Amino acid sequence: DTTAPSAAREHTVESFTREFLREVNFGQGVDLDRASTNDKYLALARTVRAYLTTRWLETLRTQRREQKKAVAYMSAEFLLGRQLENNLLATDLGEIARDSLDLLGIDLVELCNTEIEPGLGNGGLGRLAACFVDSLATENVPSIGYGIRYEYGIFRQRFEDGRQVEEPDEWLRLGSPWEMPHPENAVKVGFGGRVEAWKDESGRAHRRWSPDWHVTGVPYNYMVPGYRNGRVNTLRLWSARATQAFDLAIFNAGDYTDAVRAQTQAENISKVLYPEDSTPQGKELRLQQQYFFVACSLRDFVEKVLPEDFDLHRLPERITFQLNDTHPVIAVPELMRLLIDERGWEWADAWAVTQKVFAYTCHTLLPEALEVWPVDLLGRLLPRHLEIIYRINEEFLEQVREAFPGDMLRERHMSIIAEEPVRSVRMAYLATVAGAKVNGVAELHSQLLRDKVLSDFAEMFPHKFTNVTNGVTPRRFMALSNPRLSALITEAIGEGWVTDLERLRELEPLADDAEFRRRFREVKSHNRARFAGVIAERDGIEISPDAMVDAMVKRLHEYKRQSLKLLHIVSLYERITSGALPLADVTPRTFVFGAKAAPGYVRAKETIALINAVGRTINADASLEGRLKVAFPANYNVTLAETLIPAADLSEQISQAGKEASGTGNMKFALNGALTVGTDDGANVEIRQLVGDDHFFLFGMDEPAVSDLQASGYRSASYYEQDKDLRAALDMIASGAFTGGDRGSFVSSITASLIERDRFMALADFRAYVDAQERVEAHWADQEAWTRSAVLNVARSGYFSSDRSIRDYLARIWNA
Ligand code: 26W
């Protein structure tokens, strides 16, 4: 019997303690009384890891035996959040661990808080990938996540004089107990070089790529446990190393310094996560990252995951490679190359298989966020792939000509190769042509993809287009982060809702139960106090635990319109200080912001500085008697989200309609009993449909209205001129009221750009937004009515479990 010892199968407090002490002594090499907090954290993590490993090995054995169709989720980002608590929850070892540590006089919570979260993602897209691997495991789907083990994740944000400063995220500083490196399974990846023609004995023509440099990819495995179901899936992240040959060649040539430099160049590939969200920079290193992880993953799947003698013609029976946005799309020509150049397949056979195994998820609508790679960069780095892309395009355009004879304009529009401003490969088009399916991430988004962004393609391949509305994992974002609410729910409707979230519907009648509402408010109030405690300790920010928590947390981007939120705050302040609004009529509120700006995104950074300036002024103004507060804790991340979201009363989802593909924070807030003030955008549309208009504060232009106004010529200045509250707010900012009299730098550039251009029409929606906020205050004034709405938000949001998203992917895309 080669299976793991059954001693680790089940734990008692005694066995757990024994294993833990063993890890302290033999894993960390210290006595317990000399062990640091980190020693204890690592020992605890390894105790849990050992328990998980038994199930993981079992899962792998079953998978090898059954050979079922699997899913490979390919993503450049996995924004996982801390692992220890989640793994305790999934294994149900939380209580045993607590009791065991209690007996040893160790505080479990303190150990959990030592963990540095792996921030290997930017925002929504990366967090979605993390929710999806959680749900894949919980839904018992054979699957593997493929990505990059960045040495530095998303930067740590600090404020210096209110301005964002970025610091490297050294998440591996104290070592990570969760990863399992397998250098023996390293994969070699080529870059650069030339393509040559050659003929075999039979005279058949072939192409051969001779790269001029190589990098080694070392896989690091992470275990992804399903929720209490015994399944543990794999997340495999690749780390770049210099190849031996690479080093030695230079070294032997006598240049030690160059040899080391070469090593640095290779290892740079997985060094750092690109912090740009939505605006691709077109940097060569980024393309290297993309090709690196995708090439490693395909080779790994074909050579290591599949049985040795597997006939690749049957690949579609065994796998779908789900492409998370365009970042992994270079996998398409890589699979073609693998089949044609390395295995001698005919083009047509390779293309038939390729078209069946890939599916593409689009996460954006902003044209500037669609990745394109200049042909000369791509050709220099991956010459064979460029050839293959050209040929895919030729055959595709031939198809277009057949379907639409004489329509030259359409041909140019649809070409995978753009000619302007520089000859480039449009990765979204390549993915659409190659993929069996293309999906958007919310109903509205998928519809706009079909009707606008990819309309020519939808006309040609209507069967490819589908929707899968995003979801979030109720494990991390309810059970783990909101234990009080979870206990209240379980008491009311029993267990089971954590993996069957539609069961939250059973809470509906309790919205009318005064005692239940009281207890629900008690939970919120507890969570607000917990959040207040966390930001007091973490950031030195003081807030009242009784004020409404009004939260806007997401990447800083103009289309998301943090500036609109700011105009509302400034307008309130202006009306109070000018005497138009009596203080007694002001609802006590804490405006919470959490947002990182891409380091090169100047306007976003100015907006952060302005939020902080407004916050400083308002928070210091004693005449407000503490009724309004602005709290902007730096470095918003998954860990902070876990205490903020359960505390929130109001969720701000105020993007310009037609711009936010889905949003997922919106779902987390609703599930934790916050009401949404939002535009008709992304998944807000579906949230409102489900919770009902009476429990959602809708405002502003919808997408057709935005389009019409854009078409008829939007002039933001007219709103400034005609709305006196808006004018007063903008004038107050411009006067330097929040910047110690300084009217220069970011103050003038932000106000001028809003008044003169306002790319995302914040001014056009200002009045509607302020009105919506007044409806918010009126509703809040009736705490019973508010709580009823909050309970209904929870009860009616079960649809937004990522378990449901995964089931939709299974039914509509993977048929696994
Ligand atoms: C550097 C290039 C680049 C381009 C786009 C990096 C990252 C992106 C992502 C597509 C940005 C992103 O995270 N999009 C968000 O994806 C979420 C999950 O589907 C959606 O909920 C958000 O609406 C969408 O903005």
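Reader: Where does the ligand lie?
Author: The ligand lies between domain 2 (67-82 + 121-469 + 808-814) and domain 3 (546-785), because both give residues to the shell around it; the domain bounds come from an automatic or database domain assignment. This is a predicted model, in which local features need pLDDT of at least 70, side-chain atom pairs count only at pLDDT 80 or more, and totals for chains, interfaces and linings use all residues. Residues are numbered from 1 along each chain as its sequence is written.

Reader: And which residues come nearest to the ligand?
Author: Of the 22 residues around the ligand, the nearest are G124, L125, H363, A661 and S662, where a residue is near a molecule if its C-beta atom, placed from the backbone, lies within 6 Å of it.

Reader: What classes are in that shell?
Author: The shell around the ligand has 11 polar, 7 nonpolar and 4 charged residues, with Ala, Val, Leu, Ile, Met, Phe, Trp, Tyr, Cys and Pro counted as nonpolar, Asp, Glu, Lys and Arg as charged, and the others, Gly among them, as polar.

Reader: New topic: what is the strand order in the open sheet?
Author: The open sheet of 6 strands runs β22-β21-β20-β23-β24-β25, with parallel pairing; strands are DSSP runs (E, at least two residues), numbered from the N terminus, and two of them pair if DSSP finds at least two bridges between them.

Reader: Which strands are at the edges?
Author: Those are β22 (628-631) and β25 (697-698), each of which pairs on one side only.

Reader: How many bridges join β20 to β21?
Author: Strand β20 (residues 548-553) and strand β21 (residues 589-594) run parallel and are joined by 6 bridges, and V549 stands opposite T590 in β21.

Key
Helices (H or I, at least four residues) and strands (E, at least two) are DSSP runs, numbered from the N terminus.
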